[in-house]
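Q: Can you walk me through this model? I'd like to start with the overall fold and then go into a few details.

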Amino acid sequence: MGQYAFKLPDVGEGVVEAEIIEWHVKVGQVIAEDDALVDVMTDKATVEIPAPTSGTISSITGEPGDVLAVGTVLLTIETEGEETAEPVAPVEAVAAPAPKAAPPASLASVITSAVSPAEEEIEIRAVKPSSSGRALASPALRKRALELQIDLGEITGSGPAGRISHQDLDDFIAAGRTQGAGGNQKQPRKTGTVTEKIIGLRRKIAQNLAASKRNIPHFSYVEEVEMDALETLRAHLNAGRKEGQAKLTLLPFLSLALIKTLPDFAAANAHFDGQSITKYAPVHLGIATATPNGLMVPVVKHAESLDIWALAAEIGRVSTAAREGNGKTSELSGSTITITSLGALGGIASTPVINAPETAIIGVNKLMEKLVFDRDVVVARKVMNLSSSFDHRVVDGFDAARMIQAVKGYLENPATLFM
Amino acid sequence: MKLLHTKILIVGGGPAGYPCAIRAGQLGRDVTLVDASGLGGTCLNRGCIPSKAYIHAAGQFETVQSHAKAPAMGLTCSDPKLELSGLLKWKDDLVGKLTGGVGQLLKAAGVKVIVGHAVFLDAKTCEVALADGGSQTITAENVVLATGSSEAELPFLPFDDRVLSSTGLLELANLPKTLAVVGAGYIGLELGIAFARLGTKVTFVEALDAILPQFDAELTRPVVRWLKQHKVDLHLSAKAKGINKKGLVFTDAKGNEQSIAAEKILVAVGRKPNTTQLGLENMAIDMDGAFIKVDDQCRTAMRGTWAIGDVVGEPMLAHKGTRQGEMVAEILAGHRRRFDPVAIAAVCFTEPEIVGVGLDPKQATAAGEDVVVGKFPFAALGKALSMGAGADGGFVRVTARKSDHVILGIHGVGSHIAELSGEFALALEMGARLEDIAGTIHVHPTLSEGFAESAMTALGQPLHISMPRSRS
C-alpha cells in the first residue's frame, strides 16, 4: 500500500494557477489509470486531468470554483503497489477559500426573529384558508374573478377575516397582477431565488470585464455607414464564389477595412499594460463569440496576411471552434484588436467593452434600410452603425474618430479595400 | 323517420333540465328539450311539490283536528273530515298548474319541447320514441343529460299495489289505515309523518341505528320526540324481510323476527340515478359508480356532452341540479362558469323541519377547525311561541371558526325553519362572520331573530337567553 500525492500539474505554458471546474471522482472511489479526475481551467483553456495511477481516492482538495496553485496536492490516491509513493505534504489552497459555511445557529436565529414581526403581520392579514381551502368572497365576486381568470387565492382580502371585496379585486387588477378582462393567461406570483456560484469561464469573463471597465477609460464613438455599394459587391462575390469558399458576411469586409486602416492608427492595434504600449505590426483579430458557456474571443492570427476569402474562412473556423469548445488554446488569446457583432440581433448602437490589454474594439450594429438625403432627394439606403470603444489613455478621441471615418471610407467605397 | 338538428339537446325536463333549457333559450341558443315523464320532473310531478302539498294539508288537518279534540286559542270546531281523493285532486291541480307554467316558460324562451323517450346511438345522436307514436332522430352539437333519478327498489319488496314507492303513495285515492315505512331517511319521514298526521297508523323500519344519518342527533332529537308523542313506532337497526298477508316482516335490533300490520308499505330506501335504457354505453362517457362522472363544469368525459342534476351524484337535490343547469347553459353560451358553491343547503320537511348548511361542529372539528358554537332555542322566541311552535324543541345553531368568527355551518330544527335556509346559505356564500349576522337587524317578530340570537350567543352576548355574566 502506498499513498500517491497527486499535485496539480503545470497544465499550460506559464500557467501558475488553475481553477477547479468539476470533480469527476470522490473520496473512496476506486479509479483506474487515465480515468478522468478533475476538470481545471486556466487562463487559456479547460483541461481534463487524468489519473496518473490506479488506486482508491483517499482525499481531494478544493471545490469547484477554488483556484489552486500549480504544485498543490490535488488529491491523494491509495495505491496497490508500494512504489511511486510521493510524500504526502499538505499544501494549502491559494486564493478562493471554500465558500463560507452557513452562519452559526445563534446568528441565524437573530436574523429570523428580526424578520418575524413583519411576517406575522402578513399572516394576520392573509386570508386564512377555510376548511374548504377557499378564499372568503361573495358569489358575485367569485364569478367576476372566474371571468377575469383571477385566482382569488392570490388576493389578500382587506375585510375582516380576510374577506375579499370588489375593491380588493379592482386594486389587484389595477396593480397589474393580471392581464385583466382581455387576458387569458393567469400570472401567478412567483417565489424563490436561485443562487449559483459563478465559476469557470463565467468567472473569468466577469473578472476580465470588470478589470477592463475599472482600469480603462472607455471612449465610445458611433458612426453610420452607408452599405449599398458594399452589399452589392458582397452579393456579387457570393454569387460567384467557388466550391469550398466560405460565404462572405460583412465581417471579412470590416476586417479588411481595419487591416487597411490600422497601420495609420497603430495605437488602436496594440496592448497597453498601464506602463507601456506595445504596437503591433500584425493584426491578430479577435472575434467576440457567444458560446454556450459565455463570451469567448477566438483569434484570427495574422489577419493582414489573408485575402477576403481566407478571412471569411478563418473567422468562420475560429468562431465555430470556440462555440463547439474545441478551440486550440493558442487561438483563444493574443488578439490585438477585437470585432464584436450583434448586428444579426438588431440594435442601433452599443458600448463595447475593450478586451484588455487591447486598446480598441469595433462593434457592428444592425444593417437596415433607412431614408436618407442624397443631395435634395430622399432615397432608401442600407445603413449600419459602427459602435466602437477606445482606450482613451492611449487613443485620443480625435484619432479614434479619424480612424472610424477611415474605416467608413473603405466600407462605403469597397473597391478601395482591394487597392 | 324525421331528422332534427339542434345546437343544444337537453334530455330530461326536471329541475335541472328545464332551467338549463330556459337559460340557454334566453341566451339565444337553439335548444331542444326531450322529456319522457312530465315537465318539471320528479320534483314537480312526484316529489318535492306533491309531498309538500300533502305535508301542508296534513298539518292543516291535524291542527283543525286538535282544535276539535281540545279547543285552544279560543278556537273550536266540530269533527273535521278528510277525503284523500279531494287532497289528491288539489295536489294534481297544483302540479298541473306548475308543470303548465314550466311549459309556458320554455315556450317563451324559444325551447322546442319533444315528449318522448330518448335513446342515444352515439354521443351526439339520439332516437326519440315519441309519446304520440313514431320516432324522431335528433343530432346535436351539445348534449346535456338531465335524466334524474328514481326510487330504489328492494329486491325482496318489489313495487306493486301494496308495496309503494313515494310516487305510488302520493297517488292513493283512499287513506290507508296502516302504513309501514321502510327507511327513515328524509323521504320516508316526510311522507310517513304526513300520513300519520292525516290519520294513518305509521310504523318506521330503519336499518341504521338513527334516523336521518346526514344530521347529528341534536338536530334529529325533536323529530324523534315528535314521533314518540304521536305514537309513531320507530324500529331502528331493523331489517325489512318481506311481506305477509298481514303486513311487513322484519328482524328487530335484537334479531327477532317481527310482523307489523300494514295495509300499505312505503319503500323509501333512497334514489338511484336514471342511467339505463338511455344508450349511455354508446356515448363513451365515464361513470363514477352509479353516477355519470363530471368535472366542476358538469362536463362528461365525452366532448360536448354534459350531465347535470341527480344523474351526476349527491346531493340529489333539485336546487343543486337547477344551478348546474343554469351554469351549463351559460357555459354553452360562451360564459366562464364553474360549479363552486360554498355549501348546498339541505332541508327535511319533517315535523319539525330540519335545515343544514355547511359543516356541523363535529365535521368542522374533524376538518381541523377550532370552533365556537352558538345555539338559540325557539322556545325563547316570541314569534315561535305565538305560532304554537315553541314547544317542539326547535333551535338555530351556528358554528363558526373561533379565530376569525367566519361562519362554517348553520343548522336548525323547528317549525317553518326551512324558510330560513336562504339566509343561512347566503351567510355562508358571502363569507359572513358572527358579527355580520348579529349586526344585521332581524325583523321582530320573526323566526329569523333566532339566527341573529344564535350568532350573539356564539359571541357570548345573547339578549333573550341568559349566559354567565363576564367579570370585565
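A: The secondary structure of chain A amounts to eight helices and 18 strands, where helices (H or I, at least four residues) and strands (E, at least two) are DSSP runs numbered from the N terminus. This is a predicted model, in which local features need pLDDT of at least 70, side-chain atom pairs count only at pLDDT 80 or more, and totals for chains, interfaces and linings use all residues. Residues are numbered from 1 along each chain as its sequence is written, with chains lettered from A and ligands numbered from 1 in the order in which they are written.

Q: What share of chain A is buried?
A: Of the 419 residues in chain A, 30% are buried. A residue is buried if 20 or more other C-beta atoms, placed from the backbone, lie within 10 Å of its own, exposed if 12 or fewer, and partly exposed in between.

Q: Which strands form the open sheet in chain A?
A: Four strands, in the order β5-β4-β2-β7, with antiparallel pairing. Two strands pair if DSSP finds at least two bridges between them.

Q: Which ones stand at the edges?
A: β5 (46-50) and β7 (67-69) of chain A; each has a single partner strand, so one side of each has no neighbour in the sheet.

Q: How many bridges join β2 and β4 of chain A?
A: Four, between residues 17-23 and residues 36-41. A:Glu19 has A:Met41 in β4(A) as its bridge partner.

Q: Switching topic: where is A:Ile348?
A: In the loop between β16 (337-341) and β17 (360-374) of chain A.

Q: Buried or exposed?
A: A:Ile348 counts as exposed, because it has 12 C-beta neighbours inside 10 Å.

Q: What is A:Ile348 in contact with, leaving aside neighbours within four places in sequence?
A: A:Asn365, A:Lys366 and A:Asn385. Contact means that the C-beta atoms, placed from the backbone, lie within 7 Å.

Q: And chain B, how do α1 and α8 cross?
A: The axes of α1 (residues 17-26) and α8 (residues 318-332) of chain B come within 7 Å and cross at roughly 30 degrees. Axes are lines fitted to C-alpha atoms, for helices over the stretch in contact, and angles run from 0 to 180 degrees between N-to-C directions. That makes α1(B) roughly parallel to α8(B), a label for angles under 35 degrees.

Q: How many residues does each chain give to the contact between A and B?
A: Chain A gives 13 residues and chain B gives 16 residues.

Methods. Two residues are in contact if their C-beta atoms, placed from the backbone, lie within 7 Å. Angles under 35 degrees count as roughly parallel, over 145 as roughly antiparallel, 65 to 115 as roughly perpendicular and the rest as oblique.
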